[in-house]
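Good morning, and thank you for coming. Please look at the sequence and the model on the screen, and I shall then walk through selected parts of the chain.

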Amino acid sequence: MTGMKATGQKNLMLFSGRTHPSLAEEVAKELGIDVVPTRFDTFANGEIFVRYLESVRGSDAFVIQCHSDPINESIMEQLIMVDALKRASAKRITVVAPFFGYARQDKKHRGREPISARLMTDLFRTAGADRMMAVDLHTDQIQGFFDGPVDHLFALPILADHVGSRVDHSEITVVSPDAGRVRTADKWADRLGAPLAIIHKRRDPDVANQVRVHEVVGQVKGRTCVLVDDMIDTGGTIVKASEALFEQGAAKVLVAATHGVLSGPAAERLQNSRISEVVITNSLPVPEERSFEKLTQLSIAPLVARAISEVFTDGSVTSLFE
């Protein structure tokens, strides 16, 4: 007889970085487990140290980290966590990044530019990740950047059900803020049984976060418009899009986005706009200074927990959205 068979059961272990521990705790509660206790230290020069306080040998490890501000530290911390797991003999390592950093840099617009989203996936693969899980990537093609399985989760059911419960479906027009979000907006329109409109815009290629809104394509007069996007960063795109809708006679504008980055003046812009409600998920933490009265935050913890459970039991993640 050659070799030896080990008897035992699979062991799911959940690890969390420091950027959004409350989400990890929610996911752990949904799974009926605890987050693995971990020691973090940051040296005087900014270097990060990680050590797990339990054995992880042979485990199916899931490492949750939201790529939040400061984003580069968040990413580096998760990379170090993955490396520590690999060197501690975890059997399989899944990177769970509800908000995946650098996803907007998924292609070259002009010469001499990086494709940073590809660099990100290469870094995680090199660190030791076997699998990735993310919520509403900026573009679907990022799934192909990672050399391994990618579980792409969608927050649309959570957001759409909330919006649908607050507004009469017969009055809704789903609006895409640009051509790149038309496919997402079309899914919203199908789910809510609503017509679709599109806002044509043009960015200034030399100035980040600068947008000029052009014409509205579709019927929005007298309608409740639901602007849908994957993220809200500075809020400039969304506010200008809402102004264009009101100029075309929209009765009311709601905004729904998965990721509330809410950088810089976003909170003030959105609160002072004519937008009625801004609905986001807790894929990113929203500190008190970035919160505002019109903001509604929904939890993705049940969605992430179900996806982790399906991966762990070799089930179907796709079935969550069919």
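Just after helix 6, Gly-249 adopts a positive phi of about 95°. Helices here are DSSP runs of H or I with at least four residues, strands are runs of E with at least two, and both are numbered from the N terminus. This is a predicted model, in which local features need pLDDT of at least 70 and side-chain atom pairs count only at pLDDT 80 or more, while totals for chains, interfaces and linings use all residues. Residues are numbered from 1 along each chain as its sequence is written, and side-chain values use heavy atoms, with hydrogens and water left out.

Let us stay with helix 6. The helix covers residues 236-247, and its 12 residues at 1.5 Å a residue should span 16 Å; the expected span is 1.5 Å times one less than the number of residues. The end C-alpha atoms lie 17 Å apart, which agrees.

How many of the 12 residues of helix 6 are buried? Nine are, so the helix is largely enclosed by the rest of the structure. Buried means under 20% relative accessible area, exposed means over 50%, and partly exposed lies in between, with a 1.4 Å probe and protein chains only. Among the buried residues of helix 6 are Gly-236, Ile-238, Leu-245 and Phe-246.

Five strands form an open sheet in the order 1-4-5-6-7, with parallel pairing; two strands pair if DSSP finds at least two bridges between them. At the edges are strand 1 (12-16) and strand 7 (150-153), each of which pairs on one side only. Neighbouring strands of this sheet are turned against each other by 15° on average, direction ignored. Such angles run from 0 to 180 degrees between N-to-C directions, and the axes are lines fitted to C-alpha atoms, for helices over the stretch in contact.

Within this sheet, strand 4 (residues 60-64) and strand 5 (residues 92-97) are parallel partners over five bridges. Phe-62 has Thr-94 in strand 5 as its bridge partner. Helix 2 (residues 71-87) packs on the sheet and touches strand 1, strand 4 and strand 5, where contact means heavy atoms within 4.5 Å. The direction of helix 2 makes about 165° with that of strand 5.

Next comes strand 13. Five of the five residues of this strand, 277-281, are buried, so strand 13 is largely enclosed by the rest of the structure. In a regular strand the side chains alternate between the two faces of the sheet. In strand 13 both faces are covered, with Glu-277, Val-279 and Thr-281 on one side and Val-278 and Ile-280 on the other.

Which strands pair with strand 13? From strand 12 the chain crosses through helix 7 (residues 266-272) to strand 13 in a right-handed β-α-β crossover. Right-handed means that, with the strands pointing away from the viewer, the path from the first strand over the helix to the second runs clockwise. Strand 14 (residues 295-298) also runs parallel to strand 13, joined by four bridges, and Val-279 stands opposite Thr-296 there.

Finally, the cysteines. Cys-66 is buried at a relative accessible area of 1%, and Cys-225 is buried at 0%. A search of the whole structure finds zero disulfides, a disulfide being a pair of cysteine sulfur atoms within 2.5 Å.
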